[in-house]
Every structure is written in C-alpha cells, then in structure tokens.
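Please look first at the whole assembly and then follow the paragraphs below, which move from the places where chains meet to single pairs and single residues.

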Protein chains: 6
Amino acid sequence: MKMIHIILYFLALLSYTSHATTTSVNDFCVANLLLPNTPSGYPCKPQSLVTENDFVFSKLGPGVLIQPFNAGTTTVSVKNLPGLNGLGISAGRVDIGINGTIPMHTHPDATELLIVSQGQITAGFITPTKLIVKNLNPGDVFVFPQGLLHFQVNSGVGNAVAFVAYSNSYPNIHLLDILLFGNNLSTPTLEKTTLLDAAQIMKLKAQLGGSG
Amino acid sequence: MKMIHIILYFLALLSYTSHATTTSVNDFCVANLLLPNTPSGYPCKPQSLVTENDFVFSKLGPGVLIQPFNAGTTTVSVKNLPGLNGLGISAGRVDIGINGTIPMHTHPDATELLIVSQGQITAGFITPTKLIVKNLNPGDVFVFPQGLLHFQVNSGVGNAVAFVAYSNSYPNIHLLDILLFGNNLSTPTLEKTTLLDAAQIMKLKAQLGGSG
Amino acid sequence: MKMIHIILYFLALLSYTSHATTTSVNDFCVANLLLPNTPSGYPCKPQSLVTENDFVFSKLGPGVLIQPFNAGTTTVSVKNLPGLNGLGISAGRVDIGINGTIPMHTHPDATELLIVSQGQITAGFITPTKLIVKNLNPGDVFVFPQGLLHFQVNSGVGNAVAFVAYSNSYPNIHLLDILLFGNNLSTPTLEKTTLLDAAQIMKLKAQLGGSG
Amino acid sequence: MKMIHIILYFLALLSYTSHATTTSVNDFCVANLLLPNTPSGYPCKPQSLVTENDFVFSKLGPGVLIQPFNAGTTTVSVKNLPGLNGLGISAGRVDIGINGTIPMHTHPDATELLIVSQGQITAGFITPTKLIVKNLNPGDVFVFPQGLLHFQVNSGVGNAVAFVAYSNSYPNIHLLDILLFGNNLSTPTLEKTTLLDAAQIMKLKAQLGGSG
Amino acid sequence: MKMIHIILYFLALLSYTSHATTTSVNDFCVANLLLPNTPSGYPCKPQSLVTENDFVFSKLGPGVLIQPFNAGTTTVSVKNLPGLNGLGISAGRVDIGINGTIPMHTHPDATELLIVSQGQITAGFITPTKLIVKNLNPGDVFVFPQGLLHFQVNSGVGNAVAFVAYSNSYPNIHLLDILLFGNNLSTPTLEKTTLLDAAQIMKLKAQLGGSG
Amino acid sequence: MKMIHIILYFLALLSYTSHATTTSVNDFCVANLLLPNTPSGYPCKPQSLVTENDFVFSKLGPGVLIQPFNAGTTTVSVKNLPGLNGLGISAGRVDIGINGTIPMHTHPDATELLIVSQGQITAGFITPTKLIVKNLNPGDVFVFPQGLLHFQVNSGVGNAVAFVAYSNSYPNIHLLDILLFGNNLSTPTLEKTTLLDAAQIMKLKAQLGGSG
C-alpha cells in the first residue's frame, strides 16, 4: 500500500466522521475502493468527497480483440464507476471481429442483457433441458439469465458490437476454457470430471497456460 | 379478456402441471403475462411453452419524438421481453432531438444506467444536498441512483441517442409534469404543496391535460 | 475527527475482536456510527459496548414548525437510534399547524406508513395513472408506497399530529421545492426540464436559496 | 367460497388481463386477497379496481383488553390494508390497562418499533447473552429486533397506549403461553423440553386451552 | 392434467379463500405445487390442508449410481418437501462408488455445503484466479460458493457418502457434459466457443445423447 | 487485541488494497473476522490471503452431551468456516443421548433443515394455530421454518445423531430456558409475562444461573 493510500484512507475516515450527523446516508453509497469490500458492497465514500465524476465512466470504447477468439469485452463496474456501489447494475461493451466469438462462459452472480449495436450476433445459453439460440441484428435485445452457460458468435460478415448490462455492480466473467485449462488441476482429475481425453486436455492446457 | 386468452390460460396451467415433476423450476421464470403479477414478478410460463423468442426483443429502434420535449424513450421490460421476469433488469433506448430534453422524472423502483451512443447529452440528478450534472459524449456511461429526480438534455448540435439499463424488470417512469399537472389534483392543494403560483399551475394543467 | 473518536474507534475494534469468538453475531447489529456506512448499513458496535440505550430514542416530541409550510417532522433513524441498523425500519412524528402542509416530496428508499394521532389530515400520492387522495381522522392509517411523490395537508381547524414509520433504517426526505429551487441548477435547464416559466423559477429560487 | 367470491375472482382476472398492456406493474401491488398468497406476498389486484380505500385503514382505536393480561393489540396488516402488500411494513396499536402486560412473545418475521403515546411502559427483549429492559415514557421509541423474545408491561399508574410498526406486511404474533400451553403437545414432552414441572404445565394448559 | 388435479386445484382455492381472514399468512408457506411457480416460489397451500407430512421427506437413502461416473445424487427440494417453499434451503445426498466422481457442474442459483459422512472425497471449485481443492474425510464440511464450477471425486478405497445442503429451495444441477454434449448445438459452434476439437466433441455427443 | 492481530489487520488491508484493481470482488467474500461485522456479513479477506482452508471445517464430530438435556450441538458457521460469509448457509451436528432432548428453542434468523443420520428423533415446531410433530428415522429430512419455536427428542432406544443446515451463515440458538431463567429478569416480571408461578421460576433460575 502506497503512503498516499494510507493518507487517503484516513482522510476519508476523517471526512466521513466529521460530517456524519449532517449528511444523508442512503441516497447513494459511492464505493470507497480503499476499504475492504463486504457482501453488500464497498463501504461508502464520505459525501463531502463525492463529485460528479463518481457517477460517470469515460469512455466505453472498442475493446482490444483477444486471440484466438478475435473478440474483446470492456466492463464498467463498481471498480471504475464507484457510483454503482450497492445498486446492482453494471455495463459493458462487446466487440467481436470477423469470425470471432465470445466463448462459453458464465456470470455466477449476474443476469446479462445484450443490445446489439452493429453487425450480426448469434447468442445462446444452455440449461440441462433447453438450448436457446437466436440470431440477432442491430437493435435486438437478448437476456442470459443468471449463472447459465452462454456464448456469442459473430454470425455476420463484418465486425459486431453490442452493449451489455449486468444485474450486479461487479460482473465476474468465468470463461470455461480458463476454468478448465488455465490452472494446474491435474489432467487425470480433469479426465474423470469432464470425460475429455487426456490428449485434448493437454493440448488446451498448453494453449491456455495450464499445467498438471 | 378474449376467449383465446382463456384458452391460453388453461393450456398454460395444463402444460405446467403435467410437466411439473420433471422439469427445472429455477433456471429461469419466463413471465406468464396472462396471470396476475405478484410482488416478486409474474407467475412462470410452463417450460414446455418456453421458446427462444421469450428471451429476445426485436427490435429497439428510434423512439417517436414527443412534443414539446422533442424526445422519446422505448422500454424493453418484462411486458415485451418476458424472459426478464424476476431477473431485476431491463433496457431501453433514449432519443433526444435537437434542443430536446427528457424532462425531470424519477424511477421509484430502479437505478438507471445510461450509455451515450450518439451526440452530446447533459445528464443530472438532484438530492437535497447535491446537484450532480455532467456533460456526456458517445461512450460515456452515467448512473442515476434509484428513486432520484433526474433529467437528460441534448447539449449537442445534432440528434442524441443513448441505451439505458434499469435495475428492475419493469421500470416505471414518473414524469414530474405528468404527476403535478396531468390529473385533477386541485390547484389550491398544488399551490400549498409546491409553492407554485396558481397561474403557473393552471397554464401547465391546460398543457398537460390536468383539471381542478 | 476528534481524538476521542479515534480512541473510541480503536476501543470498539479492540472489544469487538477480543470477544469475537464467544458472542453472537446476528441477534442484532447496533450501528457503530464512527465507522463508514455500507450498502447494508453500518458496521456493528461490539456487543460488549451495547447497552439498553442503543435501542431507545427519548423522546419524540413536537417538531419545530418550519415556514412557509407551518409544519415540521422529526425522524428517529439509525442516526439517533443505532439499534435500528440493518433492520429496515424507522419512525417519525409529523406536526402540521393550522393551514399547514408537508409539501410534495418523495422517500427514494422507503415506504411510509402514517397513523393520524390528532386533527384532520388530507394525504395523497400520485402515479402517472392514479391520483390517490384521502381525508384522514385520528386513528386512520395510510400507506405511501416507496418512491412515490406525496403530500400531507392539515385539513382540519386545529393542529394535526401523526406518527409515521418507514421501511428503511434511514428515510431520506426529498422535498420537491428543495430539489428544484434550492441549488444552482440553471434556470434555462429548469425551464426545459419542468416547463415552468423562468419568472416562476426565479421567484422560488429566491425563496428557497437557489441560484443560477 | 361464496359464489360472489368466484365471480369477483374472475372479474379481477378479467380486468387485470384486459388492461395488462397499458398499465404500470410496479408502482404498487395492492393485494388481491381472494387469490393464494406467495412467499413474496399476494398477487396484485388489477389497477382498474384499485381505489383510495386500498391504501387506508379506518380506524385504529383502542383494542379490547384480554384477560388475564388486561391488554390488547390491534394490527393493521395486508389483511385489512391491502395496499401494504409487498412493501414490508405494517402497524398496530397496543393498549395495556392498569397492571396489565403484553406477555412474552416473538414475531418470527418482523422487527417491531414501538412509540409510547400515553402512560408508562417497561419494555424488554432477551437474547442468550443480553437482557435489555427500559422504562419508557410518552414519545419514547423502542426497537425489538426481529425474532427475539420480548414483552411490554404497564409500569405506570394509568392506562398505557403505544403505536407500533413492524418490518413485515403481516406480523405474526407468537405468544409463548399459547405456543406452550394452548395445544395438545404432551405434558411429558413439555417437561423434557422446557424443564417445567408437570403440575405447572397442567395448570397452565387448563387456563390456556391445552390438553395432553 | 388429470381431472383429479383440476378438482384439487379448486379445492385448494376454496379452502384457502374461505379461511383467508382467520389464519396466519407468514409463519410458513407450504408450496401448492398444482399452481404455477413465481420468482419467489410457489403459491401457498391453504393452512387448513397443511399437515405434518408437508415438512418431512422420507427417506433420503443411497442414490442409484449412474455410469460412467459411478455416482449418484438424491435431492430433497420444494418438489418433494413442499414445506421448503420460500425458505431458501434444500438438501441432498451424494453417493460416489469406488473410483467414481460427481463430474464438473454448477448450481446457478445456490451455494452448496457438503458434509462428508463416509469415505474420502476430493472436492474442488474453480474461479478464473483460484483453484481450490481439498481432500476431505468423514465429518469434514466444505462450501462451494454460488454459481462456481465444481466437482467431487472419490479419493478413498471404498464408497463415499456425503450429505449436502443448498441455499435455495430448488437447486438446479448443471452438469457441464450435459450442457455441452447433450443437445443439438452444432459441432462447429462448439469448436469455436470451447476450442475443443471436432473429434472430441463428436465422441462425447455420441456418449451423452447430443447431435448436430 | 493481541499485537499479532493488529499486524494481521494491517497486513490484510495492505494486501487487499494493493491487489484491488486486478482481482475479482464477487466470486466469494471470505470473512475477515478481525474486522467488525456488518448487517450483510463480515468484510472480505483479501483474495491474496485466501487459501483452500477458508472453505473447509475439519471435523464435525460428536458434540459433548450437556446435562440435564443429555444432548449437544456443534455448529459450523462463518466463525469457524469463514468461506460461508455472505452465502446464507451453515451447518451443524446434533447428538442426543438416550432419553435426551434438544429443548425448546428458536433460531431468530434461520430456517433449520435436519437430516437424521442415526437413531430415532421426534421433532416438532409450534405456531399459534398448528402443532407439527413427526417421528423421524435415519434418512428422514425435516424442516423447521425460520423463527418458530421447536424441539427434538430422542425417541429411540440408542443414541441419535443428525446433521443440520441453517439458512444463515451464523445461526443463533435461543434456548427458551436460558432466555427465561438464565439472567436477572425479575421474578415478578416473569410471573406477569409468562403466567408461570414464582416457585417454578425460582426453581429454574437456580438451575440455570438466573437471579432476581
């Protein structure tokens, strides 16, 4: 922790306390990211230090396209828009290049709402009894209910862009490949728990940074 | 209620019941809009009748510009995207023509997140101790915390467009002018409770359909 | 922050920690108002420092009548009754002098329940499609659902008194006149977003402390 | 179910459905008490049938004093004020005659807030590690956190009156004596699980209607 | 829907309604599984039809071991223990034969708590930045936070048995292999969104009932 | 507070802060038991200090049998399994010796789910209008809804064992005898509020440590 952070921490505490009896407590609770999070969100920044910049993120531009997926996402969460703290919502932008894809993933704590802005996207989610897949065009809105495995594929001929909203102020993104092949969970355990072949597992571990 | 609705109602009940012991109950709960709402949302449509179309809205285009505000909003809620039921999120599009404005309003049950897509928008919200106003450009994201009075003004030279998300599957929109001047609340009561002059009140009642 | 506050802060932390393994954590969570609030409420005061006074407010008497409304409210919230922390309820008393009024306002985070104790009160709330107004006598109970614009008027010949409860441990009170005319939001912006005339706006700004 | 109820049931469904696409869904959800409750509250009455009377209870007067406790409570819940549905709050009035008491009880689903209106009341609640007791005078406000065993005793020389609010739209009242001695739970089981003597148990069962 | 179900449906409604004004509403809400679910759970069965059997499931015995995993789970949810409705908890039993495994899966809406009763189990869950794996013995308790990908492997020499609890009255179980290979999501789409080889995908589709 | 705790406290804060911008915030929130609790749970331990041991409790063995009840319970809560923080679930083990009993008690904040593992248990709970009692055998699962007074009796010929789960990360246990007779609430007040005889009260106070 840099010295400046320690100073900011005590400044915040100071400001907060000295104004505590004269200010509102519930109109909003801008995150004080210097203090530890709680299950309901970050402690509130003192109102006297809150400015209009706590409620704006500037600017949500095109994301860097990550290979081999040729796609990228940018997320506007409580971490970079602290006014979202405790409000149960956040946003993002999805860019999918030609032939690109946002691979299989889940958001364990959030529903995702997607608004296609440009191009064609095939979106889908999967439950044990349903496969829901839909081709989307600009202006189409699609919902991925909380916790379900889902994906987006560029099904058009040019770049695709979408804006997304999440029902959580910090939407964790769990890419299936990273979960399975990006750590050192042993190949025999993976074989047993996924039915994948050892060769397949080792090939993808090599690609995604896993070992074991 | 049209006869077809009665039939659909019993069909739904039938399908639901006969499959009740073999299907999931929680992966999602698509709204059965033919049954009465509850505080937690609509009763669930039977899984056997759920299709991919329950999770998509097509398509969120430019809204009709309403005068005198020269602006319009389109909302994608549980009413037209029933897969949103119970998930605490919805979406919309805001179009503000030249010199237009989305006038003062509240969403009593929802935080609003706004992503500017085109043009310049000046957005603001008000609490008893803070006035938060910010000029926004394309890509900027702004949050209006739940229940607070707020507005958006086109501050650029062309049309402005934004996508919005709400932390509720049905975001009520309470325009202040409609609340004050769109019904028959008596002018003397309005004078006492708003401090506005009677002449001002009567002028706006005439404009907004109110009486009394 | 006074030195005594710093000492109290560490005392609290100390007591808390040393007793942590032997005391209950959930029976109640009395607010430690010296620490920053969170979206779920204040951190808990250590049980060893909790006394019966943390659960009582003494006493909720007649409020000072504020002009020009000739009315006043007193609120018993987590700020002066720290045992309310995390429990989603608070209380208050409303006094409305002859011809007085509690002007148009909202509670963005709370439903209000009003019990008339003395006199006659006309209470009302407004939604885009409903105007609900009712004349109340002593013993009558009225509910103002969360976030809706509402008012109370003394409609009798003597003073009126009511007790109120809120569904939040800290009920923010947003008086419409203060929101619109008590800050420096520019008159042209107010004109555009409220349709009020500039003269009316400037007259009320002068009265309520606003500028711009 | 009387025929009129069946008719009302279908009328409600009819009205609801035919207006479903044009009315708000979330501003409030007045209970339709003719339909089965859900964990979140009753289904909503159609907006077209909602009137101002759905938001008022008239009037909360002195309760009948029940012997041997010489005290009585009246409750204003979703059952007699259907506008409370889904809003997490309700109210009541407590009358305690001279030497009277509201005996030991819990509200399993609600915090209680008590405002003394007349007389003196000694109020208390109990946890395994704390006994919180306080003498209250008119205007004093006391909170009984959710689920805790508590009581109120008239500690003055005249009648005592208090208004109460609960953090639930239907506050169940569990009087300890009724739970223990008002049913047919066998005396040997009661002896084992309370350590009370059989003679004491049988004496109170005779008084409170229990058997076994 | 069998005729008997229609009769039961109206019987339930009848009983409910005729007793509605005299019975409690919140002590519990036993599921009426004949009516459609809502986001907060099933409508409540009328209290007059509630019996002690609504609160018991008899009996949670060894599950059938499913191949090729040589393991089985039995779940006690609101569907077979209707008293769980709205209470946010359910239970289950896990049996893992020699060399068996509960393969990779998620519970999108529930945290899982596992108590080992017999044998040795290696349990683990995965996030993008953490792999948490632990060898468990009888009496050990392990928690899998909501929505995370996880697994259990029999790491002992005999059968393993565990009891589990979930933080939801109906814990959906999403087996990764079923999601990926048990439906007709096209092999090219799976290749793009999982990086798995087509041959691997087709081999597992053949095993798990998928096509396309 | 021991010096080591102070050091740990600052270490935690340090680690947390320095990694704050690069780690997830919501996948889990392991309790930092050194910091004060909040209504939503403890502040989160920094991810860099989280290990697999934060998610396991070892081991839930037979509890010490307490006299005169000849029974004991062991609880696995956020206090000894910090990974449970914010997840709304915990566990325990109940041991009831021959002729033993878990006496009348409530959990003010939790539903309890009981799975009988060995022996015979008679379980019951009580509401003002219902007495629910059931004889349970190994494998039977029983639910005690939140806040209700309940008990368990060994109704077999040998020891009885059960595993339990609670819908709260810290299940307070309120034994009725401790509440009534384990503190210094005066005997006259107890007489008035319970209808018990003074002799009975004094006898049990002597047994349970109470005075007054």
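Where chain B meets chain C, the contact (heavy atoms within 4.5 Å) takes 43 residues from chain B and 43 residues from chain C. This is a predicted model, in which local features need pLDDT of at least 70 and side-chain atom pairs count only at pLDDT 80 or more, while totals for chains, interfaces and linings use all residues. Residues are numbered from 1 along each chain as its sequence is written, chains are lettered from A and ligands numbered from 1 in the order in which they are written, and side-chain values use heavy atoms, with hydrogens and water left out.

The size of an interface is often given as the accessible area lost when the parts come together. Buried area here is the accessible area (1.4 Å probe) that two parts lose on being put together, summed over both. For chain B and chain C that area is about 3,500 Å², with 67% of it on carbon and sulfur atoms. On the side of chain B, the three residues B:Lys192, B:Thr193 and B:Leu195 supply 18% of the area buried against chain C, more than any other three residues.

Side chains of opposite charge can pair when their charged atoms come close. Such a pair is called a salt bridge when a side-chain nitrogen of Lys or Arg is within 4 Å of a carboxyl oxygen of Asp or Glu. Between chain B and chain C the count is 2 salt bridges, and B:Lys203 forms a salt bridge with C:Asp197, with the closest N and O atoms 2.7 Å apart. Helices (H or I, at least four residues) and strands (E, at least two) are DSSP runs, numbered from the N terminus. In these terms, the elements giving two or more residues to the side of chain B that touches chain C are β4 (101-106), β7, β9 (149-154), α2 (176-181), α3 (187-194) and α4 (198-208) of chain B. The largest share of that side, 6 residues, comes from α2(B).

Chain E and chain F form another interface, to which chain E brings 46 residues and chain F brings 46 residues. The area buried between them is about 3,800 Å², of which carbon and sulfur atoms give 70%. Within chain E, the residues that lose the most area to chain F are E:Phe55, E:Ile89 and E:Val141, together 14% of what that side buries. Here the count is 0 salt bridges. On the side of chain E that touches chain F, the elements that give two or more residues are β1 (56-57), β3 (90-96), β5 (112-118), β7 (131-136), β8 (141-144) and β10 (160-166) of chain E, and β7(E) gives the most, with 4 residues.

How many salt bridges does the structure hold over all chains? The number is 18. One of the pairs is formed by the side chains of D:Lys203 and F:Asp197, which meet at 2.7 Å, N to O. D:Lys203 lies in helix α4 (residues 198-208) of chain D and F:Asp197 in the loop between α3 (187-194) and α4 (198-208) of chain F, so the pair joins two chains. To describe how open a residue is, we call it buried under 20% relative accessible area, exposed over 50%, and partly exposed in between (1.4 Å probe, protein chains only). D:Lys203 is partly exposed, with a relative accessible area of 43%, and F:Asp197 is partly exposed, with a value of 28%. In chain E, E:Arg93 forms a salt bridge with E:Asp95, the closest N and O atoms being 2.9 Å apart, and both of these residues are buried. In chain F, the side chains of F:Arg93 and F:Asp95 meet in a salt bridge at 2.9 Å, N to O, and both F:Arg93 and F:Asp95 are buried.

Two residues of chain B complete the walk. B:Asp140 lies in the loop between β7 (131-136) and β8 (141-144) of chain B, and it is buried yet has no salt bridge, the nearest side chain of opposite charge, A:Lys59, being 6.7 Å away. B:Gly41 lies in the loop between α1 (3-19) and β1 (56-57) of chain B and is buried, with a relative accessible area of 11%. Leaving aside its neighbours within four places in sequence, B:Gly41 is in contact with B:Asn85 and E:Pro39.

Note on methods:
Lys and Arg count as positive and Asp and Glu as negative; His and the chain ends are not counted.
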